[in-house]
Amino acid sequence: DKNKNSIVRIKENNPSTKETVFFFFFIVLSKDGTIATDRKTVSLTNIYTAVMSDGTNVKIIPEGVDKQTNFILFKAELPEKSTLVFTPASLSTAEPKLGQTLISLGGDIADIVSVGRILSLDVKDTTVGSTTTKQLVGINTDVVSKDLVTGSPVFNLSGDIIGIKLTNDPLKSFTPISVLKKELISISSN
């Protein structure tokens, strides 16, 4: 409930085939309509529409399509006198913990939730110069849901997003929200 206005579904329309399909979930990052999701194949010739929680459709434009990141940003293209207000998602500031209970959201048409827990955490060493640090790169869960789709968020019991399902993630794994936070600097710079 805490993030119900901050999770949107995206539709992709291919003008040449006239086909509109569910693309995947996005999370709202700012009040001005910046939203983020998995960097899947995004075509600049296709038209993307965000379907808000109240059913409102908003045209969105991809930004930084050429970047080499896990996530991509889209920006809402609102009419001049629009009163639509975006609600930024509540992103977790705490690292996930082994055994922690979590709730996932999936479904390409209707919201479908699953409950699970964290079974293991994937950590990799990152070296910059002479300094090596550990970086969380994956959250492995026992969430069982055939309805998890690209962009599906996973929440802690406080309702904060701790991870997002990306295309390359194994079946029951999520990319930590900390990866998105680190990539935002690179993604949003021109």
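1. Basis. This is a predicted model, in which local features need pLDDT of at least 70 and side-chain atom pairs count only at pLDDT 80 or more, while totals for chains, interfaces and linings use all residues. Residues are numbered from 1 along each chain as its sequence is written, and side-chain values use heavy atoms, with hydrogens and water left out.

2. The barrel. Six strands form a closed barrel in the order β1-β2-β3-β6-β5-β4, with antiparallel pairing. From one strand to the next, the twist averages 45 degrees. Strands here are DSSP runs of E with at least two residues, helices are runs of H or I with at least four, and both are numbered from the N terminus; two strands pair if DSSP finds at least two bridges between them. Angles run from 0 to 180 degrees between N-to-C directions, with axes as lines fitted to C-alpha atoms.

3. One pair in detail. β3 (residues 34-38) and β6 (residues 71-76) run antiparallel and are joined by five bridges. D38 has F71 as its bridge partner in β6.

4. T150 sits in the loop between β9 and β10 (153-155). T150 counts as buried because its relative accessibility is 18% (buried is under 20% relative accessible area, exposed over 50%, partly exposed in between, with a 1.4 Å probe and protein chains only). Beyond neighbours within four places in sequence, T150 is in contact (heavy atoms within 4.5 Å) with F24, F25, D38, K165 and T167.

5. Largest pocket. About 430 Å³ of space lies here. A pocket is an open set of points on a 1 Å grid over the protein atoms alone where a 1.4 Å probe fits, with protein on both sides within 12 Å along at least five of seven lines; lining residues have an atom within 4 Å of a point. The volume is the space filled by probe spheres set on the points. This pocket has 20 lining residues, with D1, N3, K4, L105 and D111 the closest to its centre. β1 contributes the largest share of the lining, three residues.

6. Second largest pocket. The space here is about 340 Å³. Of its 22 lining residues, N70, V137, L166, T175 and V179 lie nearest the centre. Two or more lining residues come from each of β8 (112-128), β9 (131-141), β12 (173-176) and α1 (177-188), and β9 gives the most, with four.
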